[in-house]
Amino acid sequence: MSSTSEEKKLPPTPKKLRDARKKGQSARSSDLVSGVSACAGFACLWWRAGAIEDKWQETVRLVDKLQEQPFTSAVPQALSGLLELSIATVAPLLAAAVTAALLANVLANGGFMFASEPLKPKLEKLDPIKGLKRIASKRSAIELGKTLAKVVLLGATFFLTVIASWKALVYLPVCGMGCFGFVFTEVKLLIAIAAGAFLVGGLADLLIQRWLFMQDMRMTETEAKRENKEQQGNPQVKREHRRLRQESANEAPLGISRATLILRGSTTLIGLRYVRGETGVPVLVCRGEGEAASQLLGEARALRLTIVDDDVLARQLLGKAKLGNPVPSQYFESVAKALYAAGLV
């Protein structure tokens, strides 16, 4: 069975998720970014509602006074007041919304993510058959359901708020400046309801997008086997790793605690291990020179190890023998004499 006809029923591996992230593929929720951005803008608008209300009242009074002035001089002043009002109202709100959108995008993606792969043109997107499949896919159905739910909920919220304040809106031209406070209170209430709806919808959309992304990243059995083979490497590398593991397992444990005989020189120290029936020949388990030799000697005395003075043999083994390996064959006789002198053979 080919991999294209297999069912993707296995969960994605960490490697596949890492590779997808490098290509810029992740669970992205535009609703969450929009919701957080809207909440930040609404919060800024709520926080500056008093200043904005004062500015609006000031602008309305200015326009009322300008009615008595000539048209040529009144228009520039009115435009200047309206421009100042627009900047004071929109600029902080826009800055808060953009900053919150960037932070929400970073948090939703688990950190900064930059990839050039999504920017590359793909001819498969022009395929009408694949386009129809995308339209009839599960993701498209879920997106349509989300859109309808948002329209219904936000429309119902707006309708109920307008119904609650319709009298104030009708009598606003008659009420004049005295109704400004009531209107702003209603606007703040609508803002709070809309912000809560946007935030809840964004969080729900994030969970939905992550579920859809994990569904898209599922693997077939053939893909999982191929990835497992790639991670393990080719057979030659596997044999080499196995050989190194066997050599490491066969190596004698090192350290002064493993030694049975200490050869002490004037500035050197060699630790050998020889146990009849365990090691065929003596093995070098520790060595030191200078200050390191003095430290090892103190530890050997604390362990009550057998110490033999032989400066020549200690220097020869220090230069020729390797840790964990048997002593070279040319020194067997000298080492055997030392072992005999220590009463170990």
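**Reading a loop, a helix and a sheet**

Tutor: Happy to! Keep in mind that this is a predicted model.

Student: Where is Arg304 found?

Tutor: Look at the loop between helix 11 and strand 4; Arg304 sits there.

Student: What should I check in the backbone of Arg304?

Tutor: Start with the general idea: most residues other than glycine have a negative phi. Arg304 is not a glycine, yet its phi is positive, near 60°.

Student: Which residues of helix 11 are buried?

Tutor: Ala293, Leu296, Leu297 and Ala300 are buried. These four cover an arc of only 105° around the axis, so they lie on the same side of helix 11.

Student: And which exposed residues does the face turned away from that buried side carry?

Tutor: That face of helix 11 has Glu291, Ser294, Gln295 and Ala302, which are exposed.

Student: What do the buried residues of helix 11 pack against?

Tutor: Their partners are strand 1 (261-264), strand 2 (268-273), strand 3 (283-289) and strand 4 (306-309).

Student: Then let's turn to the sheet. How do I read the order of its strands?

Tutor: In general, strands of a sheet pair through backbone hydrogen bonds, either parallel or antiparallel. Here four strands form an open sheet in the order 3-2-1-4, and the pairing is mixed. Strand 3 and strand 4 are the edge strands, as each pairs on one side only. On average, neighbouring strands of this sheet are turned by 20° against each other, direction ignored.

Student: Do strand 1 and strand 4 run parallel or antiparallel, and how many bridges join them?

Tutor: They run parallel, joined by four bridges. For a pair to find on screen, take Leu263: its bridge partner in strand 4 is Val308.

Student: At what angle does helix 11 pack on the sheet?

Tutor: The direction of helix 11 makes about 125° with that of strand 3.

Student: Which other helix lies across these strands?

Tutor: Helix 12, residues 311-320, lies across strand 1, strand 2, strand 3 and strand 4, and runs at about 75° to strand 2.

Methods
Residues numbered from 1 in each chain as written. Predicted model: local features only at pLDDT ≥ 70, side-chain atom pairs only at ≥ 80, totals over all residues. Heavy atoms only, no water. Buried < 20%, exposed > 50% of the residue type's maximum accessible area, 1.4 Å probe, protein only. Helix = DSSP H or I, 4+ residues; strand = E, 2+ residues; numbered from the N terminus. Arc of directions from axis to C-beta. Contact = heavy atoms within 4.5 Å. Pairing = 2+ DSSP bridges. Axes fitted to C-alpha atoms, helices over the stretch in contact; angles between N-to-C directions.
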